[in-house]
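Grab a pencil and have the viewer open.

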Amino acid sequence: MTGFTRRLLRHLSFAVTACALMLGASAHAQSGYTQTRYPIVLVHGLFGFDSALGVDYFYGIPDALRQGGARVFVAQVSAANSTEVRGEQLLAQVKTILAVTGASKVNLVGHSHGGPTTRYVAGVAPGLVASVTSIGGVNRGSRVADILRGVAPAGSVSETVANGAASALVGLINLVSGGSGLPQMPTPALDSLTTAGLADFNRRFPQAVPTGCGSGAELVNGVRYYSWTGTQQLTNVLDVTDGPLAVMGLVFGEANDGLVSACSSRLGKHLGDYRQNHLDEVNQLVGLRDWFSADPVTLYRQHANRLKQIGL
Ligand code: CA
């Protein structure tokens, strides 16, 4: 039995247990505010931890959605691999979730590399997907990935800034994976996150990608597409992840969340730019964010209600 198979079985067992718990909890879903017709599947990004430093990747978000009546599953795909490999892993998990729940479709919600990953599934199996929501999604590449692959436009940033950004990303990955993270990003993952890598991906999966920096098509092949993102880097002095994100943010020269530019994040209907950095978007670390910004958990709840309102 491969490591992946073991993880998948563990995940499925968790899914069945979660489903049973949700059936019990549904009686207590007081408002039904987040009670979508189709299950919600949360898909992590390149950091890929399902539990780092003892906390969930989407910190506090699954529980908040379940309390309002949603059926929620947290996918587990390769932390650092190509979009296609991650996409096939997600597709298999989506089919399992549909079998377990009896639902005919899912609402996919992806963060960071989870954006292209969910788009892959909607591209190859649109009949199984009610909606794709991309949060801080690397939909047109990341300048940080370009620099790590050595393909950033020459002279666009100083070597010192570029080296600082590269070190910051490795440090951040080590930090959020409890110190046992990857010494460097494997090439297939990194190539999937460069501007050129996403240009290639977008030629094959153009659905809902805008041509400019506004909204893209909201409805493609029966799938609804949405996105939102953060446009700040330093948001909370107590959060140790803010420093690396601030260093990486220096390479962009345009609005960004520390890892992805606002324009790159756009997909389908653009729902907003918020005072959040790349990890605030998943309520990390442990809810440390700009207290005057929109609550990340509230954004997820409001979006679930948005999906519910249109029958998804
Ligand atoms: Ca934070």
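**Exercise 1.** Does cysteine 263 count as buried, partly exposed or exposed, and at what relative accessibility?

*Solution.* Before we start: this is a predicted model, where local features need pLDDT of at least 70 and side-chain atom pairs count only at pLDDT 80 or more, while totals for chains, interfaces and linings use all residues. Residues are numbered from 1 along each chain as its sequence is written, and side-chain values use heavy atoms, with hydrogens and water left out.

Step one, the cut-offs: buried means under 20% relative accessible area, exposed means over 50%, and partly exposed is in between (1.4 Å probe, protein chains only). Step two, the value: cysteine 263 has 23% relative accessibility, so it counts as partly exposed.

**Exercise 2.** Find the disulfide and describe it.

*Solution.* Start with the rule: a pair of cysteine sulfur atoms within 2.5 Å is a disulfide. That rule gives one disulfide. Its partners are cysteine 213 and cysteine 263, with S to S at 1.9 Å. The torsion about the S-S bond is -105 degrees, making the link left-handed. Now place the ends: cysteine 213 sits in the loop between H8 and strand E7 (219-220), cysteine 263 in helix H10 (residues 262-265), and the two are 50 residues apart. (Helices, H or I of at least four residues, and strands, E of at least two, are DSSP runs numbered from the N terminus.) Cysteine 213 is partly exposed too, at 34% relative accessible area.

**Exercise 3.** Work out how H4 and H8 pack.

*Solution.* Take the geometry first: H4 (residues 114-124) and H8 (residues 195-204) make an angle of about 20 degrees, and their axes are 11 Å apart. Angles under 35 degrees count as roughly parallel, and H4 and H8 are therefore roughly parallel to each other. Next, who touches whom (heavy atoms within 4.5 Å)? H4 contributes Pro116, Arg119 and Tyr120, and H8 contributes Leu198, Phe201 and Asn202.

Definitions and conventions
Axes fitted to C-alpha atoms, helices over the stretch in contact; angles between N-to-C directions. Parallel < 35°, antiparallel > 145°, perpendicular 65-115°, else oblique. Contact = heavy atoms within 4.5 Å.
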